[in-house]
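Let's take a walk through the side chains of this protein, looking at charged partners and aromatic rings. Have the model open as you read.

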Amino acid sequence: MRILCIRHEADPTDDRITTWCAQNGVTADIRRPFQGDTLGEVTDNLAGVAVYGGTYNAYDAPLHPFLNEEYRMIDAAMAAGVPLLGLCQGAQMIAHHMGAFAGDPGHGQHEFGYYEVTPSEAGKDWLPEPMHFTQAHFHTFDTPAGATHLASSVLFKNQAFAVDDRVMAFQFHPEQTQTGFGRWMARGDEWGRYGKPGVQNKEEQARLMAEHDATQHDWFMGFLDRFYGRAL
């Protein structure tokens with residue numbers, strides 16, 4: 001069995017999804033369409049799809065044609081009932097594909113660091129209580145028609161949605177490890193994040209990471225057991 005991991009950067013593949021795959025005897029089938037990879041078809045051994053975050057706008061397929069290949073797979077996975085997880089950009093792409101707004105909300109706020117996410121009543125089945133998660137974004141999405149709103153934060157009301165428990169979209173990054181977030185911190189000024197409204201400074205990020213990362217890890221690994229594990 002394999003999890004199709006659609007990535008938008010060339011960073012090392014040391015995230016929690018690939019770790020979960022290794023622990024469960026599943027192939028992490030890593031593809032990078034921005035580098036020319038194709039995504040193939042939905043096959044019998046496809047246990048799930050993960051669309052990762054990145055710096056591309058969900059609505060920019062005319063500017064970045066490789067996104068059309070990703071939208072093709074998003075559509076195919078949804079049609080086949082294959083568990084589909086969207087993370088940050090990936091969540092925005094699923095929302096956009098379903099006809100909802102995805103883009104700059106216009107309020108100027110950013111989340112870069114570790115922010116508390118609070119579940120809705122419907123979201124408590126997946127996230128029983130508020131929890132701090134890794135964040136790195138200033139775009140957002142609306143909850144699509146037919147989807148269930150699952151969570152919010154102080155700065156961004158739409159942090160997660162689900163469609164029939166087969167599609168999950170998270171604005172946050174529970175897949176990111178401390179090592180991975182350290183890489184983001186190192187190039188934070190390159191991204192133009194530090195000093196923006198809402199962005200935590202590096203000292204606060206380091207403190208919150210040390211305080212909350214283990215809980216984030218445990219929650220996400222349990223989520224993956226539930227979300228992808230049923231297809232194994």
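Asp29 is buried, since its relative accessible area is 14%, under the 20% cut-off for that label. In this predicted model, Asp29 pairs with Arg31 in a salt bridge whose closest N and O atoms are 2.8 Å apart. The pairing extends to another partner: Arg2, Asp29 and Arg31 are linked in a network of salt bridges.

Side chains of opposite charge can pair when their charged atoms come close. How many salt bridges does the structure hold? The count is twelve. Another residue worth a visit is Arg7, which takes part in a salt bridge with Glu9 at 3.2 Å from N to O. Arg7 also meets the side chain of Asp15 in a salt bridge, here at 2.8 Å from N to O. Is Arg7 buried or exposed? With a relative accessible area of 4%, Arg7 is buried.

| Salt bridge | N to O distance |
|---|---|
| Arg7 and Glu9 | 3.2 Å |
| Asp15 and Arg7 | 2.8 Å |
| Arg31 and Asp29 | 2.8 Å |

Now for the rings. The model has 20 aromatic pairs. One of them joins Trp219 and Phe223, which are stacked, with 5.5 Å from centre to centre and 15° between the planes. Trp219 counts as buried at 12% relative accessibility, and Phe223 is buried with a relative accessible area of 3%.

This pair is part of a wider group. Trp219 and Phe223 belong to one aromatic cluster, whose other members are Trp20, Trp126, Phe133, Phe170, Phe172, Phe220, Phe227 and Tyr228.

Charged groups meet rings here as well. Trp126, a member of that cluster, has the charged end of Arg226 over its ring, 3.7 Å from the ring centre. Which residue lies over the face of Phe112? That is Arg193, at 5.6 Å from the ring centre.

Terms used: Residues numbered from 1 in each chain as written. Predicted model: local features only at pLDDT ≥ 70, side-chain atom pairs only at ≥ 80, totals over all residues. Heavy atoms only, no water. Phe/Tyr/Trp six-rings, centres within 6.5 Å; stacked < 30°, edge-to-face > 60°. Buried < 20%, exposed > 50% of the residue type's maximum accessible area, 1.4 Å probe, protein only. Lys NZ or Arg CZ within 6 Å of the ring centre and 35° of its normal. Salt bridge = Lys/Arg side-chain N within 4 Å of Asp/Glu carboxyl O.
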